Amino acid sequence: MPRIAYFGPQGTFTEQAARRLAPGHELTPAETISAALAAVRKGEADAACVPVENSVEGAVAATLDGLAEEDPLVAVAEELLPVHFTVLVREENAPVRTVASHPHALAQVRHWIERNLPGAQTVAASSTAAAAVAVQRGEYDAAVTAPVAVEHYPLPVLATGVADVPDARTRFLLVQPPGPLPAPTGADRTSIVAAAENRTGALAELLTELAFRGINLTRLDARPIKGNFGLYRFFIDFEGHLTEPRIGDAVAALRRRCNNVRFLGSHPRADGVAPTIAPSAANEDFTGAADWVAAVRRGETA
Ligand SMILES: O=C(O)C(=O)Cc1ccccc1
């Protein structure tokens, strides 16, 4: 049975995502995102489940950096979870002076804390569940957690359904070493990372390769290349699957322009949204045009 490492400990949002992405599989918590990825690279796990972005705070830097560096890992599936929080406390009816959680969680409940726990100090924890563990240990007064955390950490519940932004979502990836790609479904996402050269127009050229082929971007993030101040890697997600002629053509062009392009996966979209395809950019347009060139080369047409 495949072993899945997930960003834990037990009771994180990522564990919930892992249960949905790999039902019935053996799940092992890792303390950090990079430890979950390292478990796969070392062969201790077959795949890792990690958060990649959320609709309030944006990209999860540890995941992006962890996928761009060291041995390649490729996303084979994604999950989208609605994110609202439960606030657990050490002691019922006691004053709350410190509130711990993952920074992405704290960012999503800032207003709620200002209104309901005025003056409380927020403290970053490695995950929402790690914050609950710290509250159990008596280190902090409250933890902002995933709703399932209460099953693992039986602390008094101060509030449920907490969220500054209604309908916030987090997207999670299931990543594994390069292997056969998941089959295309017609509603897929492809991800790459590339370090564009530091010269005028370098990023625009990469994006233009996608735009020319009528490919709709779903995300663009920049992350600094550590040790090279002022240089960035660009994480580009777009609609479509590498096996499609229009996508294969675009990814080949990116690779031609930029030999450090790394493929981060083609997999079904969790929201099932089908691509927007610009006029003359359908796969049949690409194969039709290539067939015509082949026939011209053979001298059969002009
Ligand atoms: O800490 C967790 O529970 C995570 O899985 C990371 C996270 C944090 C905040 C919102 C969504 C995911």
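This is a predicted model: local features need pLDDT of at least 70, side-chain atom pairs count only at pLDDT 80 or more; totals for chains, interfaces and linings use all residues.
Student: Where do I start with the chain as a whole? How is the chain divided?

Tutor: Start with the domain bounds. Domain 1 is 1-82 + 170-179, domain 2 is 84-162, and domain 3 is 180-302.

Student: How far apart do the C-alpha centres of domain 2 and domain 3 lie?

Tutor: Those two centres are 42 Å apart.

Student: Which residues does UniProt give to "domain: Prephenate dehydratase"?

Tutor: The unreviewed UniProt entry places that feature at residues 3-177. Over this span the chain is 30% helix and 34% strand. Its end C-alpha atoms are 13 Å apart.

Student: And where does the "domain: ACT" annotation fall?

Tutor: In the unreviewed UniProt entry, the ACT feature covers residues 191-269. The composition of that span is 30% helix and 34% strand. The C-alpha atoms at its ends lie 12 Å apart.

Student: Now the ligand. Which residues come nearest?

Tutor: Look at the shell residue by residue. There are 15 residues around the ligand, and Thr12, Phe13, Thr14, Ser127 and Thr128 come nearest.

Student: Which domains each give at least three residues to the shell?

Tutor: Domain 1 (1-82 + 170-179) and domain 2 (84-162) each contribute at least three.

Student: How do the shell residues divide into nonpolar, polar and charged?

Tutor: Sort them by residue class. Seven are nonpolar, eight are polar, and no charged residue is in the shell.

Student: Next, helix packing. How do I read the pair α2 and α3?

Tutor: Take axis distance, then angle, then hand. The axes of α2 (residues 33-41) and α3 (residues 61-68) come within 9 Å and cross at roughly 30°. Angles under 35 degrees count as roughly parallel, so α2 is roughly parallel to α3. Their crossing is right-handed.

Student: What is the hand of the α8 and α9 crossing?

Tutor: The crossing of α8 past α9 is right-handed.

Methods:
Residues are numbered from 1 along each chain as its sequence is written. UniProt positions are given in the numbering used here, feature names are shortened, and annotations may be inferred rather than shown by experiment. Helices (H or I, at least four residues) and strands (E, at least two) are DSSP runs, numbered from the N terminus. Domain bounds come from an automatic or database domain assignment. A residue is near a molecule or strand if its C-beta atom, placed from the backbone, lies within 6 Å of it. Ala, Val, Leu, Ile, Met, Phe, Trp, Tyr, Cys and Pro count as nonpolar, Asp, Glu, Lys and Arg as charged, and the others, Gly among them, as polar. Axes are lines fitted to C-alpha atoms, for helices over the stretch in contact, and angles run from 0 to 180 degrees between N-to-C directions. Angles under 35 degrees count as roughly parallel, over 145 as roughly antiparallel, 65 to 115 as roughly perpendicular and the rest as oblique. A crossing is left-handed if the near helix is turned anticlockwise from the far one by less than a right angle, and right-handed if clockwise.
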